[in-house]
Structure formats: C-alpha cells, structure tokens
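Please study the sequence and the structure before reading each solution.

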Amino acid sequence: MDYDVIVVGAGLAGLVATSELIGAGKKVLLVDQESEAFLGGQAWWSFGGLFLVDSPEQRHLGIKDSYELARQDWMGSAGFDREDDEDHWAKQWAEAYIEFAVHEKRDWLHSLGVRFFPVVGWAERGGYLAEGHGNSVPRFHIVWGTGPGIVRPFEKIVREGMQNGLVDFRPRHQVDELLSKNGAIIGVRGSILEPSDVKRGEASSRAVIGEFTYEAPAVVVCSGGIGANFDLVKENWPKRLGNPPERMISGVPAHVDGRMLSITEKAGGRVVNKDRMWHYTEGIKNWDPIWPSHGIRILPGPSSIWLDAKGNRFPAPNFPGFDTLGTLQAIQETGYDHSWFILTAKIIEKEFALSGSEQNPDLTGKSIKKVLSRVVPGPPAPVQAFMDKGEDFVVADSLEKLVQGMNDITGDRRLDVAHIERQLLARDREIENKFTKDLQITALRGARNYIGDKLIRVAKPHKILNPKNGPLVAVRLNILTRKTLGGLQTDLEGRVMNELGEPEPGLYAAGEVAGFGGGGLHGYRALEGTFLGGCLFSGRQVGRSLSQN
C-alpha cells in the first residue's frame, strides 16, 4: 500500500488529524469532494469561537471559572440519558473534552500561533437553575482572525506535508464506498468530479469524469454533518422540538450533505443519536448569498424583545442568547417557522453581531483600528448593510409603521399594533425601578455586572418606545440549520463502533460526522465554542492514536 492512512474530508478535523499524522512521519492520502479552495471546510466560515476554561483572558476580566463549574454546566446541558447505549462513549468524550478545555487546549493552540480577542463572550446563558442548561460564566473565546485564523496553522502543516511528500491531496474526489476485506476497512472507492473553479462556499458541479480506488490500513472519516441537506434534517427532526419547519435557511455550504454517514453505516459503522441536532433561531437571509438558501445568524445581546409570529412575547427564559433549543421548541410549538425581534437603535448598535468570518472583517483581518470602530455610535458596517438591504429588517420611527412593515414582510395582517404596544408598554414600565419582576430586565442588568458585556455587548437598560432611543427596528428571524450533534459512535481513540459495540477494524472518524466525538459529546445541547473545539480535539485524538500504530 502507498499510504498509511486515508483521510476523507479536508475540513478542520481532517486537517488536524492529518497534521498529527505528518508529525509522526505517516504517509497520508487526503481526499475531498471540493476543490483546494475549500480547505478548512465549514470552520473557515465560522466566527472562530472556542470554549476555554479558566483562561488568562477570563482571569483578566475577573471571571472565576473552574473544571468543576464547567463540568456542572456541561452535564446540565447535555442531559445524557442513554448511557448504557448511544451515550456510552459520548459521555466519556465529554469528560475528556472538558479536561482538554481546562488544561491543554489553549497552550496547544498558542504554541501553533493562535491568539484570542481579549474580551470573552457569554453565549448560551441558560436561565434555569445552577445544574441546568447554560454557561454560568463567559467562556466564548474568539480567535484573532476568526475561522481562517483557526484553520491557518493546520493548513500550513498540511501544505508543508504536500511539499515534502507525506501528504497526497486529491481534491474533487468524492468517496462513494468504503472498501472492506476479511472484516476490516482497507480503503475507499469513489468518483472523480469535474474540475471546479467556483469560489469557496459556492455550490459546485457533481458531474463525474472518472473513478478512483485507494487502499490503506486505516480510513478516517472527517466529512462533516447534514446541515445543508434539508431532507435529512427533516427526516431526523426530533419530536420533542415539534414538527420540522417547512421553511429553513442554511448556515452551512451545500457540500455539508451528510453523504458519508450512510456510506459509513453501510460499511459497518454505527450512527447514534440521530435525533440530536443544533439549529439556530435567529437566522436572517443573506442579502448577498454565497451558497443556496444562505443564512446568517445574529449573535444577539440580551435586550431585544422576542415575539412569536402572532406577536406574543416569549416567556422566560426564552430571551436572546439564553437557550437556543429551548426557544426553538417554543417557536415550533406556535405552528410557525419564524419569530421576531423588536429593538431600538441603541440596542442594535451595541448588541447585534453577525456570525461568520466574512461578516466580521475587522476580527478576521486582525485590524485593531477597525475593531476599535465598533465603539463609535451606530451599528457595525455589516449589520448596517443588512438593515439597508436585508429582506428581514424593518426600520421605522413609529410602532404603527414598524408593525405595518412586519406584516408586509410576511404578506398578511397577523400582527396587531395594539397587542404589541400593550406588551412593550408593560415592559417599559418595569424600567422605572432598579428592581423588577420582568426576568429579562433582571437578566440584562445582571449581564452588565460583567465588564465585557457592559463595555461592548449589552446596552444600558432603556424604554423601547421612548422616541429618543429610536428609530425602532424589527427583524424577522428564521430557523437556520447548522450542526449535527449525533453521528458515528467512536471510542476515545476515534475507532468507529459497529452494531455489536466493537471497533470496526481500520475505520476511524473525527469531527462533526462523529458527533464531535463518541457519537455526540454534546448530548442534547451545546454550550457554544464547542463545535470547532470538538473538531480540534477529536481530530487530534484520532491523529495521535494512529500515529502510534
């Protein structure tokens, strides 16, 4: 055989696994159905958020974090309830990942040249009791350079491996079958796709111009999840989240199609926790789309008023940024697939950020000057562009005009001005005192006790309907597909399990296709910053395991 290992998929997990194998002097065949321009996969497009525990950045901001607190938060969010079966390895991966996030992760990345924005974000704030879902403290560390910044060091190692003969990279090679012999996986067979010059993220041709077959003692599947395959998303949609949305937008490029899950399953690998997935509730249609049904997620601060499609305010703790899947369930229970934010100019200029490397040119480009411009009055330029051109935004100087614009977007008269005004007036009355029974106001005041939120993330509490805080802004929020939380069940070496609960010889997996480790190390819910981290950790685990063989 010409290769020691075949790695299927050149996203972050595949690059990390390959870089570890290169360090051990292994000869690697790296195949991907997209062109070389797509190296890094979904990770390149990400905001670059990473879950770290007790980091120097946290300590500098006065955040007291610990392994015990992080584990409490993780397990309270994951809710593992299949520990004798589908969660058997998932929970072990979760335990190992928390240890990694506490002890090794930052130092390892720092040694590779990765640096972090000094203000730590507070994602998935929870809103329940201490042992429930959510981050008790801010843990969302933004990579300086966002997604491209986390991809770059591993891409560099892999490209050096190409130059010195340790890596044979074959783009436009789509795997259709895993080959087996005498009960072991020995290689891959697939289709060579016609050359493509589309830009990164754009949908590429699937026209076949040839075939290939390669063999190696081990195959590592790092092919990603199902986020762009709406049929698979709906097929696996969990009943606990209501009926699947009729209309969704995509937070990932078209190549995130889930093909390798069924291909690997057919070869003997076991797919578990298919009903666990992670989709965002704050999606907006990209006014300048790159891939089909391209959506962008709003990363909201906690102040916007969240209404369902009929104009009813969601109950606690369905506040912006608190519980993604809890709010998704609440939205689906309404029978509609959209909801609304209503906010003010003061809120949008301080609290709205957009997910994605291309929506944050200051952080992606490592421009301190541009980052500092975020503190000047007015929304960041990418947000302003959506306000000006996005089909989901309404800006108005009165509530009557705002609601009229909201109804124009949906094409009906479902929203009633008087009904919405009553709720906003009731909320505004709660601003009069420093104490309140409105838990959202309590939450945003509590958020401002954290210096990072007070400086750049959470607006000073104010009345929504006071004209001096205007104009008013409304945003239609769509369901945005993103992550597959379940996947191929793997042990801590990344070996794929079969239906008997035994390792399938020669078969490994890492990244989203493996539920980021073990077939679902997140359980039912994620704490954010853990998707990129799961790719890093599982890719490293697999690479190091195979390096010892």
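**Exercise 1.** Determine which residues form a nonpolar patch on the surface, and classify Leu455 as buried or exposed.

*Solution.* Step 1: the nonpolar patch on the surface consists of Val375, Val376, Ile451, Leu455 and Ile456, with about 440 Å² of accessible area together. Patches are made of residues with over 30% relative accessible area and no salt bridge; nonpolar side chains (Val, Leu, Ile, Met, Phe, Trp, Tyr) are joined within 5 Å, like charges within 9 Å. Accessible areas come from the Shrake-Rupley method with a 1.4 Å probe, and for residues only the protein chains shown count as cover.

Step 1: Leu455 is found in helix H17; helices (H or I, at least four residues) and strands (E, at least two) are DSSP runs, numbered from the N terminus.

Step 2: Leu455 has 57% relative accessibility, so it counts as exposed. The classes are buried (under 20% relative accessible area), exposed (over 50%) and partly exposed (in between).

The model is predicted: local features need pLDDT of at least 70, side-chain atom pairs count only at pLDDT 80 or more, and totals for chains, interfaces and linings use all residues. Residues are numbered from 1 along each chain as its sequence is written, and side-chain values use heavy atoms, with hydrogens and water left out.

**Exercise 2.** State where Lys454 is found and which class of accessibility Lys454 has.

*Solution.* Step 1: Lys454 is found in helix H17, which covers residues 451-456. Step 2: its relative accessibility is 41%, and therefore Lys454 counts as partly exposed.

**Exercise 3.** Describe the salt bridge between Arg270 and Glu499.

*Solution.* Step 1: a salt bridge is a side-chain nitrogen of Lys or Arg within 4 Å of a carboxyl oxygen of Asp or Glu. In this pair, the closest N and O atoms of Arg270 and Glu499 are 3.7 Å apart.

Step 1: the pair links distant parts of the chain, 229 residues apart, with Arg270 in the loop between helix H8 (259-266) and strand E11 (271-272), and Glu499 in the loop between strand E20 (495-497) and strand E21 (503-509).

Step 2: Arg270 is buried because its relative accessible area is 14%, whereas Glu499, at 56% relative accessibility, counts as exposed.

Key:
Buried < 20%, exposed > 50% of the residue type's maximum accessible area, 1.4 Å probe, protein only.
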